[in-house]
Amino acid sequence: MPVETSWYVEKRVFYQRIYGKITIEDFMHARDEILAKLDEGRAPIHCMISLLGADSFPSLFDMQKVAFKQEHPATGWTLLIIDNHLIRFIAALVTQLSTQHFKTVSTLEEAVAFLGEHDPSAVQS
(Lines give C-alpha, C1' and ligand atoms only; values in the text may rest on other atoms or scores of the structure.)
Protein backbone atom coordinates (compact mmCIF):
# COMPACT_ATOMS: atom_id res chain seq x y z
CA MET A 1 0.00 0.00 0.00
CA PRO A 2 1.67 3.24 -1.10
CA VAL A 3 0.18 5.30 1.76
CA GLU A 4 1.76 5.82 5.19
CA THR A 5 0.13 7.98 7.87
CA SER A 6 1.48 8.89 11.31
CA TRP A 7 1.34 11.67 13.87
CA TYR A 8 4.07 14.28 13.39
CA VAL A 9 2.96 16.13 16.54
CA GLU A 10 0.70 13.90 18.64
CA LYS A 11 -3.00 14.69 18.13
CA ARG A 12 -2.27 18.03 16.37
CA VAL A 13 -0.31 17.47 13.14
CA PHE A 14 -0.12 14.34 11.04
CA TYR A 15 2.07 13.42 8.12
CA GLN A 16 0.87 11.31 5.23
CA ARG A 17 3.26 10.01 2.60
CA ILE A 18 1.76 8.91 -0.71
CA TYR A 19 4.16 7.30 -3.15
CA GLY A 20 4.42 5.00 -6.15
CA LYS A 21 1.56 4.29 -8.52
CA ILE A 22 -1.62 5.48 -6.80
CA THR A 23 -4.88 3.67 -7.56
CA ILE A 24 -8.36 4.90 -6.69
CA GLU A 25 -8.37 2.33 -3.87
CA ASP A 26 -5.15 3.86 -2.50
CA PHE A 27 -6.71 7.32 -2.72
CA MET A 28 -9.77 6.07 -0.78
CA HIS A 29 -7.48 4.48 1.83
CA ALA A 30 -5.57 7.78 2.20
CA ARG A 31 -8.89 9.63 2.62
CA ASP A 32 -10.04 7.18 5.30
CA GLU A 33 -6.73 7.52 7.17
CA ILE A 34 -7.12 11.31 7.13
CA LEU A 35 -10.64 11.06 8.55
CA ALA A 36 -9.45 8.70 11.30
CA LYS A 37 -6.72 11.14 12.36
CA LEU A 38 -9.17 14.05 12.30
CA ASP A 39 -11.55 12.08 14.52
CA GLU A 40 -8.90 11.17 17.09
CA GLY A 41 -6.94 14.42 17.26
CA ARG A 42 -7.37 17.76 19.04
CA ALA A 43 -8.62 20.59 16.81
CA PRO A 44 -7.38 22.28 14.84
CA ILE A 45 -5.59 19.31 13.29
CA HIS A 46 -3.17 20.10 10.50
CA CYS A 47 -2.32 17.68 7.67
CA MET A 48 1.01 17.49 5.88
CA ILE A 49 0.62 15.30 2.81
CA SER A 50 3.72 14.43 0.81
CA LEU A 51 3.31 13.48 -2.84
CA LEU A 52 7.05 13.58 -3.50
CA GLY A 53 7.33 9.91 -4.44
CA ALA A 54 4.05 9.59 -6.33
CA ASP A 55 4.49 8.35 -9.89
CA SER A 56 0.90 8.38 -11.13
CA PHE A 57 -2.60 9.18 -9.91
CA PRO A 58 -6.17 8.21 -10.71
CA SER A 59 -8.06 10.63 -12.94
CA LEU A 60 -9.31 13.87 -11.40
CA PHE A 61 -12.84 12.71 -12.22
CA ASP A 62 -12.39 9.48 -10.23
CA MET A 63 -10.73 11.29 -7.30
CA GLN A 64 -13.53 13.86 -7.20
CA LYS A 65 -16.13 11.08 -6.93
CA VAL A 66 -14.57 9.73 -3.71
CA ALA A 67 -13.21 12.97 -2.24
CA PHE A 68 -14.49 14.56 0.95
CA LYS A 69 -18.02 15.84 0.51
CA GLN A 70 -17.74 18.35 3.34
CA GLU A 71 -15.06 19.77 5.59
CA HIS A 72 -14.35 17.94 8.84
CA PRO A 73 -14.87 20.35 11.75
CA ALA A 74 -11.41 19.59 13.22
CA THR A 75 -9.50 20.43 10.02
CA GLY A 76 -6.82 23.09 10.25
CA TRP A 77 -4.30 23.64 7.45
CA THR A 78 -3.69 21.03 4.76
CA LEU A 79 -0.17 21.33 3.37
CA LEU A 80 0.55 19.48 0.14
CA ILE A 81 4.24 18.73 -0.31
CA ILE A 82 4.76 18.57 -4.07
CA ASP A 83 7.80 19.01 -6.32
CA ASN A 84 6.10 18.26 -9.65
CA HIS A 85 5.10 21.55 -11.31
CA LEU A 86 2.13 20.09 -13.20
CA ILE A 87 0.70 18.40 -10.11
CA ARG A 88 1.31 21.59 -8.10
CA PHE A 89 -0.62 23.59 -10.70
CA ILE A 90 -3.53 21.10 -10.69
CA ALA A 91 -3.56 21.06 -6.88
CA ALA A 92 -3.68 24.86 -6.81
CA LEU A 93 -6.67 24.87 -9.17
CA VAL A 94 -8.54 22.17 -7.26
CA THR A 95 -7.90 23.66 -3.82
CA GLN A 96 -9.15 27.09 -4.89
CA LEU A 97 -12.63 25.56 -5.09
CA SER A 98 -12.47 24.50 -1.44
CA THR A 99 -13.32 26.43 1.70
CA GLN A 100 -10.49 24.67 3.54
CA HIS A 101 -7.06 26.18 4.16
CA PHE A 102 -4.65 24.64 1.62
CA LYS A 103 -1.05 25.49 0.81
CA THR A 104 1.41 23.79 -1.53
CA VAL A 105 5.05 23.63 -0.46
CA SER A 106 8.17 21.91 -1.77
CA THR A 107 9.60 20.26 1.37
CA LEU A 108 8.60 18.94 4.76
CA GLU A 109 10.78 21.63 6.37
CA GLU A 110 8.85 24.32 4.50
CA ALA A 111 5.55 22.78 5.71
CA VAL A 112 6.70 22.77 9.34
CA ALA A 113 7.95 26.36 9.07
CA PHE A 114 4.60 27.44 7.60
CA LEU A 115 2.71 25.81 10.47
CA GLY A 116 5.08 27.44 12.96
CA GLU A 117 4.11 30.83 11.55
CA HIS A 118 0.36 30.16 11.37
CA ASP A 119 -0.20 28.00 14.48
CA PRO A 120 2.91 27.94 16.70
CA SER A 121 1.12 25.84 19.32
CA ALA A 122 0.80 22.97 16.84
CA VAL A 123 4.53 22.51 16.30
CA GLN A 124 5.92 23.25 19.76
CA SER A 125 7.53 20.29 21.47
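Colleague: What do the buried residues of H4 pack against?

Modeller: They pack against E2, E3, strand E4 (75–81), strand E5 (101–105) and helix H5 (120–123). The names come from DSSP runs, numbered from the N terminus: helices are H or I with at least four residues, strands are E with at least two. Keep in mind that this is a predicted model: local features need pLDDT of at least 70, side-chain atom pairs count only at pLDDT 80 or more, and totals for chains, interfaces and linings use all residues. Residues are numbered from 1 along each chain as its sequence is written, and side-chain values use heavy atoms, with hydrogens and water left out.

Colleague: Which residues of H4 are buried?

Modeller: In helix H4 (residues 108–118), they are Ala111, Phe114 and Leu115. Buried means under 20% relative accessible area, exposed means over 50%, and partly exposed is in between (1.4 Å probe, protein chains only).

Colleague: How do you know which side of H4 they are on?

Modeller: They cover an arc of only 95 degrees around the axis, which puts them on the same side of H4. The arc is taken from the directions from the helix axis to the C-beta atoms. An α-helix has 3.6 residues a turn, so residues three or four places apart point the same way. Glu109 and Glu117 are exposed on the other side of H4.

Colleague: How does H4 lie on the strands?

Modeller: H4 lies across E1, E2, E3, E4 and E5, and runs at about 155 degrees to E4. Axes are lines fitted to C-alpha atoms, for helices over the stretch in contact; angles run from 0 to 180 degrees between N-to-C directions.

Colleague: What makes the sheet open and mixed, and in what order do the strands come?

Modeller: The five strands come in the order E1-E2-E3-E4-E5, with mixed pairing. E1 and E5 are the edge strands, since each pairs on one side only. Two strands pair if DSSP finds at least two bridges between them. E1 and E2 have six bridges and run antiparallel, while E2 and E3 have eight and run parallel. Both pairs meet the cut-off of at least two bridges. Tyr15 has Met48 as its bridge partner in E3.

Colleague: Why is Lys11 called partly exposed?

Modeller: Its relative accessible area is 30%, so Lys11 falls in the partly exposed range. Lys11 is in the loop between E1 and E2. These strands form a hairpin with three residues between them. Phi of Lys11 is near 65 degrees, a positive value in a residue other than glycine. Most residues other than glycine have a negative phi, and most peptide bonds are trans.

Colleague: Where is there a cis peptide bond?

Modeller: From Ala43 to Pro44, with omega near -5 degrees. Pro44 is in the loop between H1 and E3.

Colleague: What makes the Trp7 and Phe14 pair edge-to-face?

Modeller: Rings of Phe, Tyr and Trp (its six-membered ring) pair if their centres lie within 6.5 Å; planes under 30 degrees apart count as stacked, over 60 as edge-to-face and the rest as tilted. By this rule there are two aromatic pairs. The rings of Trp7 and Phe14 have centres 6.1 Å apart and planes at 85 degrees, so the pair is edge-to-face. Trp7 counts as buried at 15% relative accessibility, and Phe14 at 0%. The other pair, Trp77 and Phe114, is edge-to-face too: 4.8 Å centre to centre, with 80 degrees between the planes. Trp77 is in strand E4 and Phe114 in helix H4, 37 residues apart.

Colleague: How many residues are in the largest nonpolar core, and what makes a set of residues a core?

Modeller: A nonpolar core is a set of buried Ala, Val, Leu, Ile, Met, Phe, Trp, Tyr and Cys residues joined through side-chain atoms within 4.5 Å. The largest one has 17 residues; Phe14, Ile18, Ile45 and Ile49 have the most contacts inside it. E3 gives the largest share, five residues. A second, separate core of 12 residues includes Val9, Ile81, Phe114 and Leu115.

Colleague: Is Gln16 buried or exposed?

Modeller: Its relative accessible area is 1%, so Gln16 is buried. Gln16 lies in strand E2. Leaving aside neighbours within four places in sequence, its contacts (heavy atoms within 4.5 Å) include Val3, Ala30, Ile34 and Ile49.
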